[in-house]
Amino acid sequence: MAALFNTRITDLYGIRLPVIASGLMWLANADYIGAAVNAGLMGFMTAASCPSPDALRDEIRRCRQITGGKPFGVNIGIRKGEKEDQRITRIIDVIVEEGVRFVETYGYSPEAYIPRLHDAGIKVLHKVPSVRFALKAQSIGVDAITVVGAEAGGHPGTDLVGTFVQSVVAARKLHVPLVVAGGVGTGAHIVSALALGADAVAIGTRFLVAEEIWAHHKYKERLVAADETHTALILQTLRKTQRAFANEKAKLVAELESANGGDIDVLLPHIAGALGRKAYQSGDYEQAILSLGQSVAFADRIEPIAAIVARLEAEARAALSRLEGLQPRPDISAMPTMLA
Ligand SMILES: Cc1cc2nc3c(=O)[nH]c(=O)nc-3n(C[C@H](O)[C@H](O)[C@H](O)COP(=O)(O)O)c2cc1C
């Protein structure tokens, strides 16, 4: 089928649709990202989910086999400190050695790593939760920017501006290609994001029910049953705001935060990432903090990502036809009559 849209992001990645499968801790592995790429998207596998640089290398090679050589990217969390710098440097070593051409960064500024990435011909998409960080990222030379709104699963930042407002503010202020994320769950969202000035959307939550996501079937069934009210914002006391599934663990963390404030020692046993991986494995979805955005409202069926993407595409076409149908018709009564 002919491509629906041509944007700076479809050109940058050589993809059919202006949609990015963004990094998902524990979940964005070769199976998921490979399937997303084969469905016509750009996808970023999460380096932090791999226990070692060699494990990342294996995952990259597996993904390349799945995509038959089509490009994909790696998601890197940027943190501060000497140990983190060594970890990130080793990840970049693997990415460069394996010939990966695209990287998605998030967290702190990727400035220190940009020269090495660019020297290796790697394009950097940096993800931020606020336009003020986007401006900073633009000034240090990233190739494209994702701006995430308050609806998003994961870390929507501390300003919590909704995607509808933030997208337009970002489009007005940035000149690099712009990806918007947070609450994107239908094809109509894609059309509206492009209308607001974006070059693409990034999706996390809507794809969690893809068959290629390895999380337990029980959790995916719970997501299908959930609606837009089933998320909670936690960890605002630590200024590490997270939007997560509104389960028993999120309720407990919120109670601990209001009783103790942002006491990391009290909170850490409940928010440790390893709990999340265990919950995805066992399907016991009440016992961990599991990132989830409001667009879970649109996760209505467990199916291959290609089927989700096909539906997004059909919805985007339907949204465009709806807009066309809303064009005012010429007023026939006001036209001069051709009858003699
Ligand atoms: C389960 C889950 C895990 C996530 N893990 C990461 C991650 O490891 N790295 C990252 O950059 N973003 C992560 N995010 C954020 C997503 O990449 C993306 O920015 C966000 O999901 C977009 O908003 P949406 O959830 O409304 O689609 C995660 C989101 C979810 C839902």
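**Domains and a helix pair**

Analyst: We start with the domains. This is a predicted model. Taken over C-alpha atoms, the centres of domain 1 and domain 2 lie 24 Å apart.

User: Which residues does the assignment give to domain 2?

Analyst: The domain assignment gives two domains. Domain 1 takes 8-214 + 299-321. Domain 2 is 231-282.

User: How many residues does domain 2 bring to the contact with domain 1?

Analyst: Both domains supply residues to the contact. Domain 1 gives 14 residues. Domain 2 gives 13 residues.

User: Which residues of domain 1 lose the most area to domain 2?

Analyst: Between them, the two domains bury about 1000 Å². Of that area, 61% is on carbon and sulfur atoms. On the domain 1 side, three residues together make up 45% of what is buried. They are Trp26, Thr158 and Trp214.

User: How many residues of the contact of α8 with α13 are nonpolar?

Analyst: From α8, the contact uses Gly187, Ala188, Ile190 and Val191. From α13 come Leu312, Glu315, Ala316, Ala319, Leu320 and Leu323. One residue of this contact is polar and one is charged. The nonpolar count is eight.

User: Is the crossing of α8 and α13 left-handed or right-handed?

Analyst: Handedness concerns how α8 passes α13. The crossing is right-handed.

Note on methods:
Residues numbered from 1 in each chain as written. Predicted model: local features only at pLDDT ≥ 70, side-chain atom pairs only at ≥ 80, totals over all residues. Heavy atoms only, no water. Left-handed = near helix turned anticlockwise from the far one by under 90°. Helix = DSSP H or I, 4+ residues; strand = E, 2+ residues; numbered from the N terminus. Contact = heavy atoms within 4.5 Å. Nonpolar A, V, L, I, M, F, W, Y, C, P; charged D, E, K, R; others polar. Domains from an automatic or database assignment. Buried area = accessible area lost by both parts, 1.4 Å probe.
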